[in-house]
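Subject: Structure for you to look at

Hello,

Here is the structure I promised to pass on. Please open it first; my notes follow below.

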Amino acid sequence: MSQPQRDFPQQAIDDHLLDDLAQLILLAMREDLSRGFDMTTVAVVPEGLPATAAVVARMPGMGAGLDLVDSILETMNCSITAEMLVRDGQPFTAGQQLAVLRGDARDVLTCERTVLNFLGRLCGIATWTHRHVQLISDLPARLYDTRKTTPGWRRLEKYAVRCGGGHNHRGGLYDAILIKDNHLACHWRATGQALGPAQAVHHARQFLKSQPGAPPDMIVEVEVDSLQQLADALMADPDIVLLDNMSPPQLAEAVAMRNRTNPAVQLEASGGVRLETLREIAETGVDRISAGALTHSAFNLDLGLDWLVD
């Protein structure tokens, strides 16, 4: 089996992610604070009251978004300091404290739901991803996310996938070429001429060479849904061939064909990837498995805020 070679950029905490986070927090604040403040808290809680509260896991999981808590509090303009007890990518148990927040009680109450919403979503994705990764940890195949993300949350959700031990597929339509069946169908409708996978790869590479500023070495991936199409695609030396909705026996045949004819090309299985099928797919010898379920079917991890007495 060929070893993974070129890969997509992997999402870290960078300026783009932090800007996405800030925009989402502003939306969350507009949802909660359209009148400018927390009516209940201001009505009931005395001004200047100090408070200490812990973010507590109600179930076991993997940390994701915990390293962003300071940015959340800063964007919300809260008088709160956060002591992190668990970091991103670290496991935790039910009942474990993940962070301790100290500051003005009014601010803690006002920020509570926003902080927990962000952490619950991101820890949920990391935990769900980790469950998948554990199933194939002894096999060479690597597990990847997709673009099936919540609008506006893509960088954050892909970061959470990484915290759970998964890998990031392309970030968007701008950083890789992925030729799918619909692209080939559109070409046929426009020209009346069929475009095979190998021709499409050649067209893509010529296009990249002609575009000022486009990286000539951008990853080119092409989708196939039959072994016949795979044989055609392998002749063009794509970086990756996506094997769409193939059964495990078909995937095994695809791997054998690749190994015989063009071992440098990576093979990616996609479609029908679930917890129940993941192990069998990985055992076929594919290099990569992409699963939209890592983000679109993840659960929100149950977290709470418990008030502490100093």
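**Two asparagines in loops**

Asn-245 sits in the loop between strand S9 (240-244) and helix H9 (248-261). Bear in mind that this is a predicted model. The phi of Asn-245 is near 55°, a positive value in a residue other than glycine. Most residues other than glycine have a negative phi. Asn-245 has a relative accessible area of 53% and is therefore exposed, as the cut-off for exposed is over 50%.

Asn-77 also has a positive phi, of about 60°, although it is not a glycine. This residue is found in the loop between helix H3 (69-75) and S3. Its relative accessibility is 68%, so Asn-77 counts as exposed.

Four strands make up an open sheet, in the order S3-S5-S1-S12, with antiparallel pairing. At the edges stand strand S3 (80-84) and strand S12 (303-308). Each of these two has a single partner strand, so one side of each has no neighbour in the sheet. On average, neighbouring strands of this sheet are turned by 25° against each other, direction ignored.

Strand S1 (residues 50-57) and S12 run antiparallel and are joined by six bridges. If you want a place to start looking, Val-55 stands opposite Leu-305 in S12.

Helix H4 (residues 105-135) packs on the sheet. The strands that H4 touches are S1, S3, strand S5 (97-104) and S12. The direction of H4 makes about 155° with that of S12.

**Aromatic pairs**

How many aromatic pairs are there? The count comes to two. A pair of aromatic rings is described by the distance of the centres and the angle of the planes.

Phe-118 and Trp-153 form a stacked pair, with 5.0 Å centre to centre and 20° between the planes. Phe-118 lies in helix H4, while Trp-153 lies in the loop between strand S6 (142-144) and H5, so this pair ties together parts that are 35 residues apart in sequence. Both Phe-118 and Trp-153 are buried.

The other pair is Trp-128 and Phe-299, whose ring centres are 6.2 Å apart. Their planes stand at 75°, so the pair is edge-to-face. This pair links distant parts of the chain, 171 residues apart: Trp-128 is in helix H4, and Phe-299 is in the loop between helix H11 (293-296) and S12.

Are these two residues buried or exposed? Trp-128 has 15% relative accessibility, so it counts as buried. Phe-299 has 22% and therefore counts as partly exposed. The cut-off for buried is under 20%.

**Helices H1 and H5**

Two packed helices are described by the angle between their axes and the distance between the axes. For helix H1 (residues 15-32) and helix H5 (residues 154-163), the axes come within 8 Å and cross at roughly 120°. H1 and H5 are therefore oblique to each other.

Which residues make the contact? On the H1 side they are His-16, Leu-17, Asp-20, Leu-21 and Leu-24. On the H5 side they are Arg-155, Leu-156 and Tyr-159. By type, the residues of this contact divide into five nonpolar, one polar and two charged.

Regards

How values were computed. Residues numbered from 1 in each chain as written. Predicted model: local features only at pLDDT ≥ 70, side-chain atom pairs only at ≥ 80, totals over all residues. Heavy atoms only, no water. Axes fitted to C-alpha atoms, helices over the stretch in contact; angles between N-to-C directions. Parallel < 35°, antiparallel > 145°, perpendicular 65-115°, else oblique. Contact = heavy atoms within 4.5 Å. Nonpolar A, V, L, I, M, F, W, Y, C, P; charged D, E, K, R; others polar. Pairing = 2+ DSSP bridges. Phe/Tyr/Trp six-rings, centres within 6.5 Å; stacked < 30°, edge-to-face > 60°. Buried < 20%, exposed > 50% of the residue type's maximum accessible area, 1.4 Å probe, protein only.
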